[in-house]
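Biologist: I would like to learn how to read a model of this kind, feature by feature. Could you take me through it slowly?

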Amino acid sequence: MSTMQAQILHVGFGQTVLRMPITDAVGQQHGFAHAGASFALGDSAAGYAALSTMPEGSEVLTIEMKINLIAPASGRFLVARGEVLKAGRRLSVVRATVEAEAADGSRKPVALLQGTMIPS
């Protein structure tokens, strides 16, 4: 995430918010952020949300993750909100919403992710 200049904006029990700038490094040929950037940020937000529900000293791995791309990601930043839908004894079901933030601070949803995490 450091390569993509991502920052953690918020961590709460079962929730996180991450943000990264939309730069040429994560762009694609039409001037939008690449879908891989939305996936990476959403996956990380969901993973940190899952990690926040696990015992101290745990690490987390994604077992599977689905993404729906719902709009082109244009703007200054991508912002991902991760949340735990169900924290089980071994597996956690997670969701992330990725939004593109414009220069005026307005946001629009660009991707929805849902997946499963496991402690490692």
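Biologist: To begin with, where is the place of Gln5?

Modeller: This is a predicted model, in which local features need pLDDT of at least 70 and side-chain atom pairs count only at pLDDT 80 or more, while totals for chains, interfaces and linings use all residues. Residues are numbered from 1 along each chain as its sequence is written, and side-chain values use heavy atoms, with hydrogens and water left out. Helices (H or I, at least four residues) and strands (E, at least two) are DSSP runs, numbered from the N terminus, and Gln5 belongs to the segment before strand 1 (7-12). Although Gln5 is not a glycine, its phi is positive, at about 60°.

Biologist: Is Gln5 buried, exposed or partly exposed?

Modeller: Buried means under 20% relative accessible area, exposed means over 50%, and partly exposed lies in between, with a 1.4 Å probe and protein chains only. Gln5 counts as partly exposed because its relative accessibility is 48%.

Biologist: How should I read the length of helix 1, and which of its residues are buried?

Modeller: The expected span of a helix is 1.5 Å times one less than its number of residues. Helix 1, with 17 residues, reaches 24 Å from its first C-alpha to its last, close to the 24 Å expected. Its buried residues are Ala37, Ser38, Leu41, Gly42, Asp43, Ser44, Ala45, Ala46, Gly47, Ala49 and Ala50, and what covers them includes strand 2, strand 3, strand 4, strand 5 and strand 6.

Biologist: Which residues touch the most other members of the largest nonpolar core?

Modeller: A nonpolar core is a set of buried Ala, Val, Leu, Ile, Met, Phe, Trp, Tyr and Cys residues joined through side-chain atoms within 4.5 Å. The largest one here has 26 residues, of which Ala50, Leu78, Val94, Val98, Val110 and Met117 touch the most other members. Two or more residues come from each of strand 2 (15-21), helix 1, strand 3, strand 4 (77-87), strand 5 (92-101) and strand 6 (107-119), and helix 1 gives the most, with six residues.

Biologist: What does Ala96 touch, and how does its burial read?

Modeller: Contact means heavy atoms within 4.5 Å. Ala96 lies in strand 5 and counts as buried because its relative accessible area is 0%. Not counting residues up to four places away in sequence, Ala96 touches Gly42, Ala46, Arg81, Gly82, Ala111, Leu112 and Leu113. Arg81, in strand 4, is partly exposed at 41% relative accessibility.

Biologist: Which polar contact does the side chain of Thr116 make?

Modeller: A polar contact is a pair of N or O atoms within 3.5 Å; within protein, one must be able to donate a hydrogen and the other to accept it, and residues adjacent in sequence count only if both atoms are side-chain atoms. The side chain of Thr116, a residue of strand 6, makes such a contact with the side chain of Glu64, at 2.7 Å. Thr116 is buried, with a relative accessible area of 14%. Ser58, found in the loop between helix 1 (35-51) and strand 3 (60-69), has a polar side-chain atom 2.7 Å from the backbone oxygen of Pro55, and Ser58 also counts as buried, at 17% relative accessibility.

Biologist: Finally, what sits over the ring of Phe77?

Modeller: A charge sits over a ring if NZ of Lys or CZ of Arg is within 6 Å of the ring centre and within 35 degrees of the ring normal. Over the ring of Phe77 sits the charged end of Arg19, 4.1 Å from the ring's centre.
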